[in-house]
Structure formats: C-alpha cells, structure tokens
Amino acid sequence: MNLFRLIFVLLSATAIAGTTYVAYLGHGGESRDLDRSIRAVSAGRGLNGSIK
Amino acid sequence: MTTHICCYCGTALDALDSYKTLVKFNILNRPETPLKIGAAGQIFGVDYTVIGLLEHEEVWQGRSWKWVDHQVFSATHGYAWLTLEEGHLTFSRRYRKPVDWLSKTVVNRAETRPSLRSEGERFKYYDTSTSSVTYAEGEFTWAPRKGAKTTTITAMSDNAMLGFSTTNREREIYHTVYLEPQEITGFDLPGAVKPSGIHALKKMKAGVNAGFLMRAGLGSMVICLVLAMAMFVQNGKLADTRLRYSVAELPVTIAFEVTKPGRLTRIDLQGNGRNSWNYLAVELEDPEGEVLFESGRTVEYYSGRDKDGNWSEGSNNASLAFFPPVTGTYSVTLDLEESGFWAPNVNRGSSPQHQITQVGLQIRNGVSSGFWLILLALGFGCIGGLPLLRRYLHNKARWRDSDWVDEDDD
C-alpha cells in the first residue's frame, strides 16, 4: 500500500470515527429555530432575565 | 505485391504483368502526412516499413471526411495498415479468427444494437461508412482504383474495432487497435503532433489510485450510511411522563428528568386533527426555572378524495430537539395557542374535518442523529463516484460518433 492510500485510509477512518461520535451525541439533529438568545442570557443571568 | 504506383508520376503499374500501366493518380493531390514511404520503425516491437499510402474520402449529407491509410510491411508479420486521424494512430491487420460476418442487412433489420463475439471479446456495432479511394501511391497487394467504393461496417469492443469491408469484388475483416506513443517508435514521426479529442479506440488513462479511490470511497460511503441508519434508530431513553393529554387540560406543565446532559433531547408531539391546523406552543425551563426556549410547532394534516383518488398532505407529528446543558428536572409547558380549519366551507361529508382533541407527548434524552454521517457519506460518494463518472464520460465520448440510434431515443 503506497503512502497516499495509507493516508487516505487513516483520514477516512478518523473522519468516520469522529463523525460517528458527534452523531451519537446527536449533533445535526437539533432544532434550528429555538430561541437561542434566551439560552445565551439565561446562563449568566446578567440581565436578570429581563429579555422577553 | 501486385501493384506499384509511382510517386513521381502517379502511374499505377502492374508488377505481375511487365509493369503495364493500370491507372494514373494525380500526384498534385498527394495528401499531407508525416509518415513517408520508406520510413521504418517498430510497432509493438515488430519492424515495419511504410510501402504505400492511400487516401480515402467519405461523403455524407454534403460533408466530407478524408483520412490516409499507410500500408506497412514486415518481413516477419506481413502487411498491415497504419492510420493517422487527428493525431491519433491506429494499427489494422487482417482478422482471420472465427467471427460472424456483420452485414448491412443485419444492421438494418436489427431492433437492438447488433453485437458479435470473437476470441472472448464482445464487439458492438459502431457505424457504417462508404468511402472511395481518392489517392494512392507506393506498393500494394491489390490494384487501387480511383473512386472505387468500399462499404465498411465497424463493431467495437473495449479494446479493438472490427471492420467488415465490402467492395464490388471481395470482402474482408480488419482488426484495429489504438497505438499509444510507447507502442510505436521510429517512422520519423514528429514528436510535436498532439492528438485532439478522444478517439473511439483510446483507452482511458486512469490514475494509479483511481481503482483504490473508487473502492475505498464507495466502501466508506456504505459504512457511513449503515452507521447513519443505526443513529437514526437510536432513540435514547423515554422520559417517565404521561404520554397523552386532552386539549381541555391545556396549558399543562410536565416535569421530566434529564440524566445525560449534552446529549440531544427530543420532544415529540402528536395531534389527532383532520383537515385542520393547530399551533402548539412549547416552553422549556431548566432545573433552575430559567427559560431555555419558547417555541412551538404546527401539527396539520389534510386529506380528501378527488378525481385522481385519495390524497393526503401534512403531518400530525412534529418535534423539537435541544441539548440540555445540565442534569436535573426540566419542565415543558404545552399549550394550544391557535388552530383553524383548512377550508371551513367545503363539503364535510366528502372531507371530514376536526381540530385536535388530544396531544401526544414523548420526551427522549440521549437521541442520536445521522445527519453528519449522511453528509460524510455524500462526500465519500463523490470521491468514489468521480472515477466512475470519468469512465462513463470517456465511454460516452468513445461512442459519440456511432450512428446507431435506439428506437427509444428517437
């Protein structure tokens, strides 16, 4: 097996393993329309929850 | 050798009968060719010498094509033809192996592209052409006649072409292969002649890793698709809550436990309406009572019957998915905010309609998603599919000049 093929196999295996891990966590399946501004602020409570 | 055509005066002389004059070609019409009579070289490692050249012309629908065949001779391998066409060189020899004759009648009567087998190779019909000799010079084993017509039916395999030629007097089969630059040496060939386009017989130059990339790419794509399917069916753990709520109970707040923070959590909603739309508002609070999001989903399902039969549109199912940041007890508040009928005035007998009376709710923590694996599969598909696409395009270019038209393509 030449170097190119070896690197291709290694990169492919890494890509599949990494993507499988984030897929297992559920990334890519989250709703895109949820109100993130509330989430961002509520974590710090810097504005005393006054937004919305 | 039976005929000698003088390169100075164009006279064809009968070498078997005291060099009697047979016919005279006009040497002013001598075609331009880099292969000169007397030039010697090697083809597939065999010594050959150019002993004659023959120009053909094919006229079809007011257009004409000319090409030059070079008669070459080897003391060990006999006579053959070398043809130069738009910078591409091909090599033709008489074919004496067993093969069926492909006639014009067979081609005209065929409903599908005619094909034949010889020596384990499958040759498929390529085209039919009728050409005439417009110029001849040198030595030949037969007597070229100006204007003598030859009809040639060609059939092509992956590697070679068979030409079934018929003249008024005889018929013969020629086997033609493409000559790569390393397969022909000598003949004083100019090195600068670059072939243009894709010759029908030219094999595709695939990279050394093309086969590997195709197999590895497509194999990885299949792995990604299988993993994606596994992720799509991995639905996590169902929260311990009531699964159905009457619309009369709404708004309702339901508490549920999250045991796996940072893992996708999905709220699945299900309505039971018919030909109506219903907007369900959803608010989620984290274990500390802070609102994580306010959102909502419309569940709408329409169905009916028209002249084309039964139809349905929309879905009574909807879902929201989010990443809970910490473990603990979250609470989701559900309310029916708005609803309406699709068409209040239509005949309810043919198209029954009612708004939702019950809402189904399922909350699952630890759900997986195959989205990124599907995207990765597409990427691998492109890598693996590229060599296949190149092969397909090359093959299409090889067959583009074929005159066979499938009846389905008309």
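Predicted model: local features only at pLDDT ≥ 70, side-chain atom pairs only at ≥ 80, totals over all residues.
Reader: Which residues make the contact?

Author: H1(A) contributes A:Ala15, A:Ile16, A:Thr19, A:Thr20, A:Val22 and A:Ala23. From H3(B) come B:Trp372, B:Leu373 and B:Leu376. Sorted by class, seven of the contact residues are nonpolar and two are polar, with no charged ones.

Reader: What is the secondary structure of chain A, and how much of the chain is buried?

Author: Chain A has two helices and zero strands. Of its 52 residues, 17% count as buried.

Reader: Where is the largest nonpolar core, and which residues have the most contacts inside it?

Author: A nonpolar core joins buried residues through C-beta atoms within 7 Å. The largest one here has 20 residues. Those with the most contacts inside it are B:Ile267, B:Leu269, B:Leu280, B:Val282, B:Val332, B:Leu334 and B:Val359.

Reader: Which strands supply this core?

Author: Strands S17, S18, S19, S20, S22, S23 and S24 of chain B each supply at least two residues. S23(B), residues 328-341, gives the most, with four.

Reader: What is B:Val332 in contact with, beyond its sequence neighbours?

Author: Leave aside neighbours within four places in sequence. B:Val332 then contacts B:Ile254, B:Phe256, B:Ile267, B:Val282 and B:Leu284. A second, separate core has 18 residues, including B:Ile5, B:Ile43, B:Leu82 and B:Tyr135.

Note on methods
Residues numbered from 1 in each chain as written. Chains lettered and ligands numbered in written order. Contact = placed C-beta atoms within 7 Å. Nonpolar A, V, L, I, M, F, W, Y, C, P; charged D, E, K, R; others polar. Buried ≥ 20, exposed ≤ 12 C-beta atoms within 10 Å, placed from the backbone.
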